[in-house]
Amino acid sequence: MPTGIEIVESFTRIKSFDNTKPPDGIELLLQAVNSLGNTGLMIVGDLRVELFDYVPASGNSKGRRLEVWEIELSTEEHQRAHWNEITQMYEFQLGADLSVVPTGRKFILAVTYNSPLGEHLQTECVLDYRLPTGARGAA
């Protein structure tokens, strides 16, 4: 059983899934970790992914909730849809209307895993949404 879940921050980002402008969602890479720190575990259960405004210089950096996604990982079909055999991680394309979100903002991406045994694991990261200099509509 996993003892933790981790967002793979170096690959999780706001992006355009069909390479059009503006970005239309978040690509989330997630891995489960066991008590020895080993990754590459498959998990069964449900995930709740939430996107919050980032509140700087605050004891609680989560502001207003902007989006929520419920993801089921209970069947073989669900596993095949999200598990990457090569990277040994889960990959999720979370659609969102980000066209109204100004660039130069930070967000909190929070994930809660609920196992069939009633266990709950949580993780979160800060997403920085900035356009490269001279670019429009790419993240």
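Predicted model: local features only at pLDDT ≥ 70, side-chain atom pairs only at ≥ 80, totals over all residues.

Student: Which strands form the open sheet, and in what order?

Tutor: The sheet is built from four strands in the order β5-β4-β8-β9, and their pairing is antiparallel. Its edges are β5 (62-73) and β9 (120-129), each of which pairs on one side only. On average, and with direction ignored, neighbouring strands of this sheet are turned by 20 degrees against each other.

Student: How many bridges join strand β4 to β5?

Tutor: Strand β4, residues 45-54, is joined to β5 by nine bridges, and the two run antiparallel. To find your place in that pairing, look for Leu51, which stands opposite Glu67 in β5.

Student: How should I read charged side chains, and how many salt bridges does a search of the whole structure find?

Tutor: The general idea is that side chains of opposite charge can pair when their charged atoms come close. Here, a search of the whole structure finds nine salt bridges. One of them joins Arg64 to Asp53, with the closest N and O atoms 3.4 Å apart. This pair links distant parts of the chain, since Arg64 lies in strand β5 and Asp53 in strand β4, 11 residues apart. Arg64 is exposed, at a relative accessible area of 55%, whereas Asp53 is buried, at 14%.

Student: Which residues are linked in a network of salt bridges?

Tutor: The network links Arg48, Glu50, Arg65 and Glu70. Within it, the side chains of Glu50 and Arg48 meet at 4.0 Å, N to O. Glu50 counts as buried because its relative accessibility is 13%, under the 20% limit, while Arg48 is partly exposed at 30%.

Student: Where do Arg80 and Glu76 lie?

Tutor: Both are in helix α1 (residues 76-82), four residues apart, which is about one turn of the helix.

Student: Is Gln31 buried or exposed?

Tutor: Gln31, in strand β3 (residues 25-33), is buried, with a relative accessible area of 16%. Not counting residues up to four places away in sequence, Gln31 touches Gly4, Ile5, Glu6, Val8, Thr39 and Met89.

Student: What is Arg13 in contact with, leaving aside its neighbours within four places in sequence?

Tutor: Arg13, found in strand β2 (residues 13-15), is in contact with Gly25, Ile26, Glu27 and Leu127. A polar atom of the Arg13 side chain also lies 3.2 Å from the backbone oxygen of Phe11.

Terms used
Residues numbered from 1 in each chain as written. Heavy atoms only, no water. Pairing = 2+ DSSP bridges. Axes fitted to C-alpha atoms, helices over the stretch in contact; angles between N-to-C directions. Buried < 20%, exposed > 50% of the residue type's maximum accessible area, 1.4 Å probe, protein only. Contact = heavy atoms within 4.5 Å. Polar contact = N/O pair within 3.5 Å; in protein donor to acceptor, adjacent residues only side chain to side chain.
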